[in-house]
Amino acid sequence: MSESSAPTSPDAPPSAGSLAVWLEQSYDLLALTDAAGCIRWCNPAFERATGLQAGADLLTLAAGTARDALAAGLRGDALAPAEFALRTASGALLWIEARVSSVDVDRLWTLRDTTARHELADRAQQLSELLDMAQEFGRLGVWEREIPSARGHWDRHVFAFWGMTPTEGGTPDFLEAANRVHPDDRLDQRYLDSTRQAGRYMARYRVVHPDGSLRRIQSQWEVKNGPDGAPVRAIGFMFDDTDVYDLARSLDTASAQLRLAAELAGIVIWRHDLLTDRLRYNEHGFKVLGIPYRAEGLSRAEARAYIHADDIAKLSAAAEQSLVTPGPVDVQTRHRWPDGSWRDLLVRRVVERDAAGHPRAFVGVSLDI
């Protein structure tokens, strides 16, 4: 074996060539500066990240507290492990962790690029804020419980649904929470049954607040198995449907009151859809016509069969007039009653228009005068 091919001792230090290759390939941003901050040497990773090359001033990357930290390192002061933001030559934000060592009169800088971590943290914060806003507007809460211990976690929205405030005690145990549910809704048994098998579940129930008021909750959750195939966790959402129920109830009440008022006053309420050319009446309208209620309404020809032939023309004229009149238009016509007699009705109509102002329907009332 020749002398040149002798094996290298495992204790021998790396050659200058090996060190040069390592410095060139390092992912750390490496730079050597003088005490004033002029860059004497830097590796490719430093050049790519900062946009600076040998001969440039390191301090041009920083301002404020970051510049103070770099200046302290140039003076030879100890640089406490710190993370701060620099501005690259192109103006982009560069977050770094910096270390510095003195080499005779020069300074050796090792910078670790942490920009991606900060971007992820910022993105996570943004998503968290968006989720919280969506929960706030959507009246949605997030919860989870361990199985079988039933220890759990509620976010702040769920506490609000229960009429409770987050405390140092944390999320109430399952039995304490279940005691707040209206006894007729039996949430406890339904939830406990779900914990026996993985799957998705849903329940609606009422939560009784300390002041006696009720919140209507819809809960959807999923039971997940652990590595051994047995259920270990339930995670889910809660939706506060109280306002929806209250609105529906108020609409039902208003609708019932309108029906009663129309019945007592003998008012026929109708709508003539101009697209389908069909007329729909309230229940009293069908009673006046003497025919069973039909959800699909009547064609215009069927409806006109109940109007005196001599009054068709002025009824049509009133319809044409309402198309160019912003307010209601009245016309008096004779209508045939189920017993064959004719009665005088006051027919009042207005035009219903779409967002572009085009006529969609005639809406009106008819009163027996």
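## Getting your bearings

Residues 24 or more positions apart account for 38% of the contacts in the protein with a separation of 6 or more, a contact meaning heavy atoms within 4.5 Å. This is a predicted model, where local features need pLDDT of at least 70 and side-chain atom pairs count only at pLDDT 80 or more, while totals for chains, interfaces and linings use all residues. Residues are numbered from 1 along each chain as its sequence is written, and side-chain values use heavy atoms, with hydrogens and water left out.

Switch to cartoon and you have eleven helices and 16 strands; these are DSSP runs numbered from the N terminus, helices being H or I with at least four residues and strands E with at least two. Of the 369 residues, 34% are buried (under 20% relative accessible area; exposed is over 50%, partly exposed in between, with a 1.4 Å probe and protein chains only).

Now colour by pLDDT, the predictor's confidence in each residue, from 0 to 100. The protein averages 82, and 83% of the residues score at least 70. Helix α1 (residues 16-25) has the lowest confidence, with a mean of 66, and strand β2 (residues 39-42) has the highest, at 91. Over residues 1-6 the pLDDT is below 50, and beyond near neighbours in sequence this stretch has two contacts in the model. Where pLDDT is low, the predicted coordinates should not be read in detail.

## The six-stranded sheet

Select β11 to β16. What is the strand order in this open sheet? It runs β13-β12-β11-β16-β15-β14, with antiparallel pairing (two strands pair if DSSP finds at least two bridges between them). β13 (298-299) and β14 stand at the edges with a single partner strand each, so one side of each is left without a neighbour in the sheet.

Zoom in on β14, residues 329-336. Val 329, Val 331, Thr 333 and His 335 make up its covered face, while Asp 330, Gln 332, Arg 334 and Arg 336 are on the uncovered one. In a regular strand the side chains alternate between the two faces of the sheet.

Click on Arg 343 in β15: it is the bridge partner of His 335. The charged end of Arg 343 also sits over the ring of Trp 337, 5.3 Å from its centre (the criterion is NZ of Lys or CZ of Arg within 6 Å of the ring centre and within 35 degrees of the ring normal). Arg 349 does likewise with Phe 362, its charged end 5.0 Å from the ring centre.

Slide over to β11 (residues 267-273) and β12 (residues 278-281), which pair in the antiparallel sense over four bridges. Arg 271 stands opposite Arg 280 in β12. In the loop between these strands, pick Asp 277, which has a positive phi near 60 degrees despite not being a glycine. Asp 277 is partly exposed, at 28% relative accessible area.

## The β6-β7 loop

Next, select the loop between β6 (140-146) and β7 (152-154), where Pro 148 lies. A cis peptide bond joins Ile 147 and Pro 148, with omega about 10 degrees. Ala 150 is in this loop too, and its phi is positive, about 70 degrees. Most residues other than glycine have a negative phi, and most peptide bonds are trans.

Buried or exposed: which is Asp 240? At 7% relative accessibility, Asp 240 counts as buried; look for it in strand β10 (residues 231-240). Show side chains and you'll find polar contacts from Asp 240 to Arg 215 at 2.8 Å and to Thr 242 at 2.6 Å. (A polar contact is a pair of N or O atoms within 3.5 Å; within protein, one must be able to donate a hydrogen and the other to accept it, and residues adjacent in sequence count only if both atoms are side-chain atoms.)

## Last stop: rings

Display the aromatics for ten pairs (Phe, Tyr and Trp rings, the last by its six-membered ring, with centres within 6.5 Å; planes under 30 degrees apart are stacked, over 60 edge-to-face, the rest tilted). Phe 286 and Tyr 293 are edge-to-face, 5.1 Å centre to centre with 65 degrees between the planes. Finish on one aromatic cluster formed by Trp 143, Phe 174, Tyr 191, Tyr 201 and Trp 221.
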